[in-house]
Amino acid sequence: MRSEALMEQIRKRLSEKLGESYEVEKRTVLKNNGVEAEGFSVRKAGDVLTAVLYPGPMEEASQEEPGQDKNTLKTGESYVDLCVEGMLKTYRSREEQNHGLREMVRRMEDWEEIRPYIRPQLLSCIENRRLIPRLVHRRFLDLAVVYAARMECGLEQGTIRIERPVFEQWGISEEELHRQALKNLEQDGYTIQSIPEALGMTFLPGADEGAPSMAVFTNRSRFYGAAGILLPGMLEEYAKKMGSNLFLIPSSVHELILIPDDGRLPAKALNQMVKEVNREEVLPMDQLSGHVYYYDRESRQVEWRNDEEWELKGLMRNEGLLGAV
């Protein structure tokens with residue numbers, strides 16, 4: 001973690017490089033799952049768009065000048081220059097995308113203009129208890145459905161999550177917002193593919209022939225694709241095709257893994273697998289949940305298993321989340 005003194009050095013240098021027409025401030029951004037990122041907000045006078053830039057990892061400095069002592073480099077001029085140059089490069093590379101983002105900011109003022117871009121996203125209620133109250137949301141089991149305006153900007157996705165003040169200006173109901181988000185979600189090219197298909201392979205080397213088949217459920221862009229769990233029609237069709245109920249494994253906020261329940265895999269073992277994958281392979285801010293969900297084809301509902309439900313409801317009650325979300 002960088003010291004306040006070092007962050008101030010970086011801020012001053014960045015401000016000097018950009019010039020007097022830019023306002024540069026230190027900013028801590030609350031991201032998914034309580035992850036906090038320290039960076040700098042940059043805004044040019046008269047611009048509606050504020051960029052947030054983050055210094056690169058401190059380890060990068062030692063790679064640039066391998067002959068120099070790490071501790072000296074991290075607190076000296078070389079590290080400050082390295083951070084600033086990296087952030088300026090990022091800022092300038094985004095200029096090609098900024099026209100689209102400025103247009104989205106402008107459209108945010110008018111519901112009729114922004115409605116085609118609204119999409120739902122899923123977040124953990126428990127891990128995002130500081131973030132969720134700022135956003136328009138509804139609860140789905142132990143998850144929160146939040147909403148974002150999304151626009152493709154070059155090769156990246158530009159998103160603005162819907163906070164209460166903006167939503168209240170639109171003069172619409174939360175139900176209308178939710179209906180529109182689901183309608184748009186259906187247009188996002190959701191697919192259910194076998195693991196080899198999702199990886200662009202004809203088969204998966206080393207796979208156990210007796211293992212249950214697994215499929216990836218996500219959208220075309222693989223961006224917040226786990227929200228597809230809100231499309232019951234696709235789960236219903238796949239469960240019918242497989243002739244069984246489904247375990248839904250939240251591999252990240254971007255995708256789900258579907259496994260037919262053939263009676264061989266206990267939910268407890270799958271829950272342990274989810275925890276291990278989260279710990280070892282998924283970035284903290286991309287994690288969705290620490291347990292599996294279950295699609296019952298008779299009720300056509302996504303459910304908890306009973307033991308998970310009691311445990312999670314108890315935790316949510318202790319955190320004051322049952323009534324808040």
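Student: Where is tyrosine 224 found?
Tutor: Tyrosine 224 sits in the loop between β9 and α10 (232–242). Helices (H or I, at least four residues) and strands (E, at least two) are DSSP runs, numbered from the N terminus. Bear in mind that this is a predicted model, in which local features need pLDDT of at least 70 and side-chain atom pairs count only at pLDDT 80 or more, while totals for chains, interfaces and linings use all residues. Residues are numbered from 1 along each chain as its sequence is written, and side-chain values use heavy atoms, with hydrogens and water left out.

Student: Why does tyrosine 224 count as buried?
Tutor: Buried means under 20% relative accessible area, exposed over 50%, and partly exposed in between (1.4 Å probe, protein chains only). Tyrosine 224 has 12% relative accessibility, so it counts as buried.

Student: What is the phi of tyrosine 224?
Tutor: Tyrosine 224 has a positive phi of about 50°, although it is not a glycine. Most residues other than glycine have a negative phi. Arginine 300, in the loop between β12 (293–296) and β13 (301–303), also has a positive phi, near 60°.

Student: Is asparagine 184 buried or exposed, and why?
Tutor: Asparagine 184 has a relative accessible area of 2%, so it is buried. Asparagine 184 lies in helix α8 (residues 174–185). Leaving aside neighbours within four places in sequence, its contacts are Arg115, Pro116, Tyr117, Ile118 and Arg119.

Student: What lies 3.4 Å from a polar atom of the side chain of asparagine 184?
Tutor: That is the backbone oxygen of proline 116.

Student: Why is strand β11 said to be largely enclosed by the rest of the structure?
Tutor: In β11 (residues 255–260), 6 of the 6 residues are buried, so the strand is largely enclosed. Both faces are covered: Glu255, Ile257 and Ile259 are buried on one side, and Leu256, Leu258 and Pro260 on the other.

Student: How many bridges join strand β9 to β11?
Tutor: Two strands pair if DSSP finds at least two bridges between them. Strand β9 (residues 215–218) runs antiparallel to β11, with 3 bridges joining them, and valine 216 has isoleucine 257 as its bridge partner in β11. Strand β10 (residues 246–252) also pairs with β11 in the antiparallel sense, over 5 bridges. There, leucine 248 is partnered with leucine 258, and a hairpin of 2 residues joins β10 to β11.

Student: Which element gives the most to the lining of the largest pocket?
Tutor: β7 gives the most, with 6 residues. By class, the lining has 23 nonpolar, 10 polar and 8 charged residues. Here Ala, Val, Leu, Ile, Met, Phe, Trp, Tyr, Cys and Pro count as nonpolar, Asp, Glu, Lys and Arg as charged, and the others, Gly among them, as polar.

Definitions and conventions
A polar contact is a pair of N or O atoms within 3.5 Å; within protein, one must be able to donate a hydrogen and the other to accept it, and residues adjacent in sequence count only if both atoms are side-chain atoms. Contact means heavy atoms within 4.5 Å.
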